[in-house]
Amino acid sequence: MFETIEYCTRAVIRYLNGDMDLFKSYTRKAMKIYEQEKCIAAIGEMIPTTTKQKLYEMVS
């Protein structure tokens, strides 16, 4: 998440400085990381609660 925010911040600064090429580059990187994070969260949501409980019991 912090990496996404970092690229967003860089994109805003580049936009304000008028460097559209780097702005677009940083925006693409931020969006790519965001999409990857969104997929990771979706996988975690797909695990049934009973399986999660068994995993927690196994590691504790």
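**Exercise 1. Determine in which helix Arg-28 lies and whether Arg-28 is buried or exposed.**

Solution. Arg-28 lies in helix α2, where helices (H or I, at least four residues) and strands (E, at least two) are DSSP runs numbered from the N terminus. This is a predicted model, in which local features need pLDDT of at least 70 and side-chain atom pairs count only at pLDDT 80 or more, while totals for chains, interfaces and linings use all residues. Residues are numbered from 1 along each chain as its sequence is written, and side-chain values use heavy atoms, with hydrogens and water left out. The next step is to compare the relative accessible area of Arg-28, which is 56%, with the cut-offs: buried means under 20%, exposed over 50%, and partly exposed in between, with a 1.4 Å probe and protein chains only. Arg-28 is therefore exposed, at 56%. Finally, Arg-28 and Ala-11 are 17 residues apart in sequence, and their C-alpha atoms are 9.4 Å apart in space.

**Exercise 2. Describe the elements of the protein chain and state what percentage of its residues count as buried.**

Solution. The protein chain contains three helices and zero strands, and from the N terminus on its elements run α-α-α. Of its 60 residues, 12% count as buried. The chain exposes about 5200 Å², of which carbon and sulfur atoms supply 63%; accessible areas come from the Shrake-Rupley method with a 1.4 Å probe, and for residues only the protein chains shown count as cover.

**Exercise 3. Identify the residues of the largest nonpolar core and the helices that supply at least two residues each.**

Solution. A nonpolar core is a set of buried Ala, Val, Leu, Ile, Met, Phe, Trp, Tyr and Cys residues joined through side-chain atoms within 4.5 Å. The largest one has five residues, namely Tyr-7, Ala-11, Tyr-26, Ala-30 and Ile-33. Helices α1 (2-17) and α2 (20-46) each supply at least two residues of this core, and the largest share, three residues, comes from α2. Contacts, meaning heavy atoms within 4.5 Å, can then be listed without counting residues up to four places away in sequence: Ala-11 touches Phe-23, Tyr-26 and Thr-27.

**Exercise 4. Characterise the two aromatic pairs of the structure.**

Solution. Rings of Phe, Tyr and Trp (its six-membered ring) pair if their centres lie within 6.5 Å; planes under 30 degrees apart count as stacked, over 60 as edge-to-face and the rest as tilted. The structure holds two such pairs. Tyr-7 and Tyr-26 form a tilted pair, with 5.9 Å centre to centre and 35° between the planes. Because Tyr-7 lies in helix α1 and Tyr-26 in helix α2, this pair ties together parts that are 19 residues apart in sequence. Both Tyr-7 and Tyr-26 are buried. Tyr-15 and Phe-23 form a tilted pair as well, with 5.1 Å centre to centre and 55° between the planes; Tyr-15 is partly exposed at a relative accessible area of 46%, and Phe-23 is partly exposed at 24%.
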